[in-house]
Amino acid sequence: MNRSITTPRGMITIRDATPADAMPYRQLRLEALQDSPIAFSADYQQNLNQPAKYWEDRLTIEEDEATLFLAEHEGRLIGMMGIGRGGSPKTRHGAWIWGVYVTPDWRGLRIAEELINSCFTWAKARKILLVKLGVAATNKPAIRCYERCGFSTYGTEPRAIFYEDNYYDEFLMSHPLDNS
């Protein structure tokens with residue numbers, strides 16, 4: 001699924017990642033882990049040392065089970081967001097958004113909202129009824145973005161992230177999808 005959006009800074013393409021994106025994805029993911037360490041449970045140092053095959057495997061995804069959307073401007077990745085459905089017959093009606101990141105110089109242009117809309121389109125095509133995500137309780141801009149997109153908080157995971165001798169709570173948010 002490819003689509004283009006216009007921002008004040010230029011045209012952005014939102015598209016599905018492929019294994020050919022492995023190294024640019026690696027670069028963006030490492031940037032995300034360094035720039036926003038509280039937003040991710042993954043660790044920068046562990047990811048830094050992963051071989052190329054690790055990154056290719058992360059982008060080899062069965063289409064009906066999960067996908068990773070990339071936001072791209074003039075050949076440079078500037079954002080990402082993954083979505084995956086439940087793995088059991090009892091949880092396949094739900095999906096989880098993960099790995100949300102937009103580079104700092106592209107924030108405030110509603111690119112994350114466009115990535116979320118792509119996730120919603122993907123989920124609706126698979127008859128998914130509920131999309132969930134977790135967000136650091138301290139990340140006010142992301143929380144506002146998710147609320148604009150229709151998510152509401154249904155709980156808090158206390159001490160979800162431990163980073164530099166501090167614990168951070170995570171808000172758990174969900175958004176029901178109308179698949180009628």
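## Nonpolar cores

In this predicted model, the largest nonpolar core has 32 residues. Ile83, Tyr146 and Phe151 have the most contacts inside this core. At least two core residues come from each of S2, strand S3 (66-73), strand S4 (76-85), strand S5 (94-102), helix H4 (111-125), strand S6 (130-136) and helix H5 (140-148). The greatest contribution, eight residues, is that of H4. Another core, of 14 residues, lies apart from the largest one and includes Tyr25, Phe40, Trp55 and Leu68. In soluble globular proteins, nonpolar side chains tend to be buried together.

Tyr146 is in contact with Val100, Ile116, Leu133, Val135, Phe151 and Met173, when residues up to four places away in sequence are not counted. One of these partners, Phe151, is also among the residues with the most contacts inside the largest core.

## Largest pocket

The largest pocket holds about 910 Å³ of space. Its lining is made up of 35 residues, and those nearest the pocket centre are Val100, Tyr101, Asn139, Ala142 and Tyr146. S5, H4, S6 and H5 are the elements that each give two or more residues to this lining. S5 provides the largest share, with seven residues.

By residue class, the lining of the largest pocket consists of 21 nonpolar, seven polar and seven charged residues.

## Second largest pocket

For the second largest pocket, the volume is about 210 Å³. The lining has 16 residues, of which Asp16, Glu63, Ala66, Thr67 and Trp122 are the closest to the centre. Two or more lining residues come from each of S3 and H4. The largest share is that of S3, at four residues. The lining divides into 10 nonpolar, three polar and three charged residues.

## Arg15

Arg15 is located in strand S2 (residues 10-16). Is this residue, Arg15, buried or exposed? Arg15 counts as buried because its relative accessibility is 13%, and the cut-off for buried is under 20%.

With neighbours within four places in sequence left aside, the residues in contact with Arg15 are Met1, Asn2, Asp21, Leu68, Phe69, Leu70, Glu72 and Leu77. Of these, Leu68 is also among the residues of the 14-residue core.

Terms used. Residues are numbered from 1 along each chain as its sequence is written. This is a predicted model: local features need pLDDT of at least 70, side-chain atom pairs count only at pLDDT 80 or more; totals for chains, interfaces and linings use all residues. Side-chain values use heavy atoms; hydrogens and water are left out. Buried means under 20% relative accessible area, exposed over 50%, partly exposed in between (1.4 Å probe, protein chains only). Contact means heavy atoms within 4.5 Å. A nonpolar core is a set of buried Ala, Val, Leu, Ile, Met, Phe, Trp, Tyr and Cys residues joined through side-chain atoms within 4.5 Å. On a 1 Å grid over the protein atoms alone, a cavity is a set of points where a 1.4 Å probe fits but cannot get out, and a pocket is an open set with protein on both sides within 12 Å along at least five of seven lines; lining residues have an atom within 4 Å of a point. Grid points are joined across faces, edges and corners, and a volume is the space filled by probe spheres set on the points. Ala, Val, Leu, Ile, Met, Phe, Trp, Tyr, Cys and Pro count as nonpolar, Asp, Glu, Lys and Arg as charged, and the others, Gly among them, as polar.
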